[in-house]
Amino acid sequence: MLNYYTSTLKDENLLTTMLLKFHNSSILTVVHKVEDDETLIKFSGIIKRHLELHYNGIYLLFLKETKIISTIKMIKSEDLIQRNLMYIFILNKVSINIFFQNSIVEAMRICIVKLRKPEMYQIYYNQATPNEHSQLKLVNWWSKDRGLFHHPLLPKTDKVYANFQGRTFHIPVLHKPPWNFVTYQNDGIIIEGGRDDKVLTLLANKLNFRYKYFDPPDRSQGSVFNNTTIKGVLGLIWQREVQLFIGDLTVTYERSQVVEFSFLTLADNEVLLTHAPKILNEGLALVRSFHWEVWS
């Protein structure tokens, strides 16, 4: 686990406590100081390298009020968002304004540690409920004398998303038997079954969500040309126009740089086939056994 601190404020008690906690837990900690746009860009470059290497990262940010909005916008515009990255903002006497909350998207993992009174902090988290509004919710408290009011610090993801409370997802679907059987009509599409359709039905019943299929514009899974041009279903997910896609999609390095994959639903084997070798002339068996330099 990598933990990066960016600091423009000095809160010696809290910072010292956190550093000691991570040190005693054998967690690598590196301190960065972000004071202007140049250092903020440098910090974003560090996160991008972690994304390429698929590191798990927790970034603690001690920021002035003037830097909070620009930082969250940088995370959003640079697409520094993955489920293995979390951003923890330490706010001292700074209110959580509406502009900050509106800048948060559901895919981000944002935790706010807000000073309530001297040596007591409130902990807010945007993934504490399974809805899509990314509302920051009070989930814990911390004080110098007592520490955390309850453990763990944040609610577990598998418990939060165990029940989507009837939420509706819009899911692109492609005609690709036996995974999905789709009939295209002038006024829409008809899903006639398939393995992935059954899997999605089981998930919806288990996790209590609804879904609506739609016909994606390109009717293709899409390819990754570069970080600015991605078409098909992959492009819809990359642009966060849809939340998920289920289908016969192979995991590749290029795709893993722009979308996240869940568990595998199929493990398949591939082999290379070629024609059988020709029968060699037996009369040349003695000569063929040695390199030409032997006979020269």
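Visitor: Is Gln122 buried or exposed, and why does it count so?

Guide: Burial is judged by relative accessible area: buried means under 20%, exposed over 50%, and partly exposed in between, with a 1.4 Å probe and protein chains only. Gln122 has 6% relative accessibility and therefore counts as buried. The model is predicted, so local features need pLDDT of at least 70 and side-chain atom pairs count only at pLDDT 80 or more, while totals for chains, interfaces and linings use all residues. Residues are numbered from 1 along each chain as its sequence is written, and side-chain values use heavy atoms, with hydrogens and water left out.

Visitor: Where is Gln122 found, and with which residues is Gln122 in contact?

Guide: Helices (H or I, at least four residues) and strands (E, at least two) are DSSP runs, numbered from the N terminus. Gln122 belongs to strand β6, residues 120-125. Contact means heavy atoms within 4.5 Å. With neighbours within four places in sequence set aside, Gln122 touches Ile112, Val113, Lys114, Arg116, Leu138, Asn140 and Trp141.

Visitor: With which side chain does the side chain of Gln122 make a polar contact?

Guide: A polar contact is a pair of N or O atoms within 3.5 Å; within protein, one must be able to donate a hydrogen and the other to accept it, and residues adjacent in sequence count only if both atoms are side-chain atoms. Here the partner is the side chain of Tyr124, at 3.0 Å.

Visitor: How does Thr157 count by accessibility?

Guide: Thr157, in helix α5 (residues 157-160), counts as partly exposed because its relative accessibility is 42%. Between Thr157 and Ala128 there are 8.1 Å in space, C-alpha to C-alpha, at 29 residues apart in sequence.

Visitor: Why is Val294 called exposed?

Guide: Val294, placed in helix α10, has a relative accessible area of 52% and is therefore exposed. For the protein of 296 residues, 39% count as buried.

Visitor: What is the mean pLDDT of the protein, and where is confidence lowest?

Guide: pLDDT is the predictor's confidence in each residue, from 0 to 100. The protein has a mean of 82, with 87% of its residues at 70 or more. Confidence is lowest in strand β1 (residues 2-7), with a mean of 46, and highest in strand β12 (residues 209-214), at 96. Residues 1-10 have pLDDT below 50, and this stretch has 55 contacts in the model beyond near neighbours in sequence.
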